[in-house]
Amino acid sequence: MTDATTPPPSTAPQLSQQEIDSGKTMAILAYIPIAFVGLIVSIVCISNKNNAYSLYHAKQALTLYICWIVAALCCLPLFLICIGFPLLVAVNVCGIVLCILGIINSSSGQCKPLPVTSKFVDKFFGKIQKV
């Protein structure tokens, strides 16, 4: 049962194999967390909106990065009570695991939402569609 306050579940788009193959490289690069590569690629894919497959994964990756940064910032005040460092390590491990899961999904041609952050994708980027 869904009420007016809960958003509809994120549905994966039905895409052709040609569109998946043409957007696979950008979709994989969107999940690379090294030196802001994934963040830059995600923003470029969202601003271009020319491939639905890469756009789907760019929205997933950008939501992951936003949630990751917010969680890391929430750990900073906890450094004063000595729980901040282990919590920050746990947040970073979870972020890297979700990036690896996103790389696996995007390289295999699947449009699966990420487990933790997918409920925020429609809230943040629900109106952005392929042109």
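Reader: Thanks! Let's start with Ser-107: how exposed is Ser-107?
Author: Ser-107 counts as partly exposed, because its relative accessibility is 34%. Buried means under 20% relative accessible area, exposed means over 50%, and partly exposed is in between, with a 1.4 Å probe and protein chains only.

Reader: Before we go on, what kind of model is this?
Author: This is a predicted model, where local features need pLDDT of at least 70, side-chain atom pairs count only at pLDDT 80 or more, and totals for chains, interfaces and linings use all residues. Residues are numbered from 1 along each chain as its sequence is written, and side-chain values use heavy atoms, with hydrogens and water left out.

Reader: Got it. Where is Ser-107?
Author: Ser-107 sits in helix H4. Helices (H or I, at least four residues) and strands (E, at least two) are DSSP runs, numbered from the N terminus.

Reader: And which residues is Ser-107 in contact with?
Author: Leaving aside neighbours within four places in sequence, they are Lys-24, Ile-28 and Tyr-53. Contact means heavy atoms within 4.5 Å. There is also a distance to look at: the C-alpha atoms of Ser-107 and Ile-20 are separated by 9.6 Å, and these residues are 87 apart along the chain.

Reader: What about the whole chain, how many helices and strands are there?
Author: The chain has five helices and zero strands. Reading from the N terminus, the elements run α-α-α-α-α.

Reader: How much of the chain is buried?
Author: Of the 131 residues in the chain, 34% are buried. The chain exposes about 7900 Å², and carbon and sulfur atoms supply 71% of that. Those areas come from the Shrake-Rupley method with a 1.4 Å probe; for residues, only the protein chains shown count as cover.

Reader: And what share of the contacts join residues at least 24 apart?
Author: The share is 72%, counted among contacts between residues at least 6 apart in sequence.

Reader: Back to H4. At what angle do H1 and H4 pack?
Author: Helix H1 (residues 17–29) and helix H4 (residues 84–107) pack at about 175°, with their axes 9 Å apart. That makes H1 roughly antiparallel to H4. Angles under 35 degrees count as roughly parallel, over 145 as roughly antiparallel, 65 to 115 as roughly perpendicular and the rest as oblique. Axes here are lines fitted to C-alpha atoms, for helices over the stretch in contact, and angles run from 0 to 180 degrees between N-to-C directions.

Reader: Which residues meet there, in H1 and H4?
Author: Lys-24, Ala-27 and Ile-28 in H1 meet Ile-103, Ser-106 and Ser-107 in H4. The residues of this contact divide into three nonpolar, two polar and one charged. For those classes, Ala, Val, Leu, Ile, Met, Phe, Trp, Tyr, Cys and Pro count as nonpolar, Asp, Glu, Lys and Arg as charged, and the others, Gly among them, as polar.

Reader: Nice. How do H2 and H3 cross?
Author: The axes of H2 (residues 37–48) and H3 (residues 52–75) come within 8 Å and cross at roughly 135°. H2 and H3 are therefore oblique to each other.

Reader: Who meets whom between H2 and H3?
Author: On the H2 side are Gly-38, Leu-39, Ser-42, Ile-43, Cys-45 and Ile-46, and they meet Ser-54, Leu-55, Ala-58, Lys-59, Ala-61, Leu-62 and Tyr-65 in H3. By class, the contact of H2 with H3 has nine nonpolar residues, three polar and one charged.

Reader: Ser-54 is on that list. Is Ser-54 buried or exposed?
Author: Ser-54 is buried, since its relative accessible area is 4%. Not counting residues up to four places away in sequence, Ser-54 touches Gly-23, Met-26, Ala-27 and Cys-45.

Reader: And Glu-19, buried or exposed?
Author: Glu-19 counts as buried, because its relative accessibility is 15%. Glu-19 is in helix H1, and beyond neighbours within four places in sequence, Glu-19 is in contact with Asn-51, Ala-52, Tyr-53 and Lys-130.

Reader: Last one: what is phi of Cys-82 near?
Author: Phi of Cys-82 is near 65°, a positive value in a residue other than glycine. Cys-82 is in the loop between H3 and H4 and is exposed, with a relative accessible area of 69%.
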